[in-house]
Amino acid sequence: MQRRRRRRRGFKTSSNATARLVASSNPKSQIESSSSSSGWVHVAMLPLLLLLLLLLASHGHGPAVAAAQGLPPLPIGVNYGANADNLPSPAAVATFLATKTTVNRVKLFDANPAFLDAFAANAPSISIAVSIPNAALPSFADRATGLDAARGWVRDNLAAHVANGANVTLLLAGNEILGPVVVPDLVVALLPAMRRLNQALQLEKLPQVRVTTPHYLGILAPSDGIPSNARFRPGFDDKVLAPMLKFHNETGSPLMVNAYPYFSYNAQNLNYAIFRPNAGIYDPATKLNYTSMFDAQMDAIYTAMKKLGFGDVQIAVGEAGWPTQAEPSQVGVGPEEARDFNAGMIRVCSGGKGTPLMPGRTFETYIFSLFDENQKPGPIAERNFGIFNPDFTPKYDLGLLRDGSSASPNPSPNPSPKPSPNPSPSGGGKWCVAKASADATTLQNNINYACGFVDCKPIQSGGGCFDPNNVQSHASFVMNAYYQANGRHDYDCDFKGTGMVTSSDPSYGSCKYVS
């Protein structure tokens, strides 16, 4: 199931830094006016003017320029969420990505067996990152039982799929545990859980799967937007992130960040945010000029890591993207802006360009996101980050289709069944319930799993669905909540063969099943 994304506020360019063209303390890099008072161009500025012209050409500022120059086919990852009612089947998605695009990795927001089976059967070459819900971490962190719990999770959710061909390479322990919403118990559990999961993977003979956790950029202390001034937030730096970076260094796993210039831009710094030509921000400590907010964010993370002595740990980008639609009054959102940002990010992360402090490096990166998700709550933009339409045509050209490929793998992409567009709260729709033959242990596992994504208060003591107080009843309510939130695809009611879709409303008394 696709989680609900929150508005992130991380490392941000200050208004003073945005206004600064290039600091006067670096006269060799200062971009002066191209016209002097006498109306001629300063001879010393000709190389810089030529450079600017080259930058304008290389950035493809507009669809006509982009279409004329094309984009090199580069590998990149995508976030594959399914909080929508109009998406193709997982098998069609896996086939399309593997045969028609240069996408070489996907990030899933849970261990949905239908998705893992689809990639095992149709796209074994594509690397998969699998997410574990935040709520599961404390059980893995327990000193006495944590390793057994972690091994059980790996056996139940990964081992068989990997044996069948799913190319799982990353296991993500929760998401954004260190903020923006901080739950102290989860913070304490995070690193011990990561260690237990890594041990479990070794013991279950899956050493190729690395363990990390995605962070939002708020793990950086507030600063002026100059990368060399960046450091991790006090309290998290020495006690949480230093030992975590030591873990990454020892296991060869990356520090993963969700880097979103979109959540830090304004009308004044739009060009800086989406890789369009701009004067840049000068860092006097490194004597480097930044013309991209994304580069500055990445180098800020690198600087903070280096200050703790872990500059050699790899950095991965768990989420980054730009929407094609937002509120009518919002400037800087549309297909051209989305294309410019994502194309620029691909050049940095996959093209070998690197960043000013990390030149020539590549970064494991997952664009947010593969498709728009029309069932997501929140602002309009939250539903419009996709780079492909449901029929597999690109929303804008990123050069991800292989040479000679048509947009769609076949004339009919076999979309998943579409539910009623306006289901009623009770009746007239479809529901997911537990099979009467399902065993109690599996149903309890279903409850534990689904409650990591949906509200389970109704089945708790005092809730409207607490009675009858038995695992069959509680599992049916929670499995249905998960099924409905995920877009009502039949495969989201499978639960290892213990769920079934019904057209009979299972609501009773004060317990109302959503539909």
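This passage describes the salt bridges of the model and the surroundings of strand 3.

The structure is a predicted model, in which local features require pLDDT of at least 70 and side-chain atom pairs count only at pLDDT 80 or more, whereas totals for chains, interfaces and linings use all residues. Residues are numbered from 1 along each chain as its sequence is written, and side-chain values use heavy atoms, with hydrogens and water left out.

Side chains of opposite charge can pair when their charged atoms come close. Helices (H or I, at least four residues) and strands (E, at least two) are DSSP runs, numbered from the N terminus. E204 is buried at 18% relative accessibility, while R155 is partly exposed at 44%; buried denotes under 20% relative accessible area, exposed over 50%, and partly exposed in between (1.4 Å probe, protein chains only).

A salt bridge is also formed by E250 and K246, with an N to O distance of 2.5 Å. These two residues are four residues apart in helix 9 (residues 237-251), and about one helical turn separates them. E250 is exposed, with a relative accessible area of 54%, and K246 is partly exposed at 45%.

Strand 3 (residues 127-132) is largely enclosed by the rest of the structure, because six of its six residues are buried. In a regular strand the side chains alternate between the two faces of the sheet. Both faces of strand 3 are covered, with S127, A129 and S131 buried on one side and I128, V130 and I132 buried on the other.

Strand 3 pairs in the parallel sense with strand 2 (residues 103-108) over four bridges, pairing being assigned if DSSP finds at least two bridges between two strands. Within this pairing, V130 in strand 3 stands opposite L108. The chain passes from strand 2 through helix 5 (residues 113-122) to strand 3 in a right-handed β-α-β crossover; right-handed denotes that, with the strands pointing away from the viewer, the path from the first strand over the helix to the second runs clockwise. Strand 3 also pairs in the parallel sense with strand 4 (residues 168-173), over five bridges, and V168 in strand 4 is the bridge partner of I128.

Technical notes. A salt bridge is a side-chain nitrogen of Lys or Arg within 4 Å of a carboxyl oxygen of Asp or Glu.
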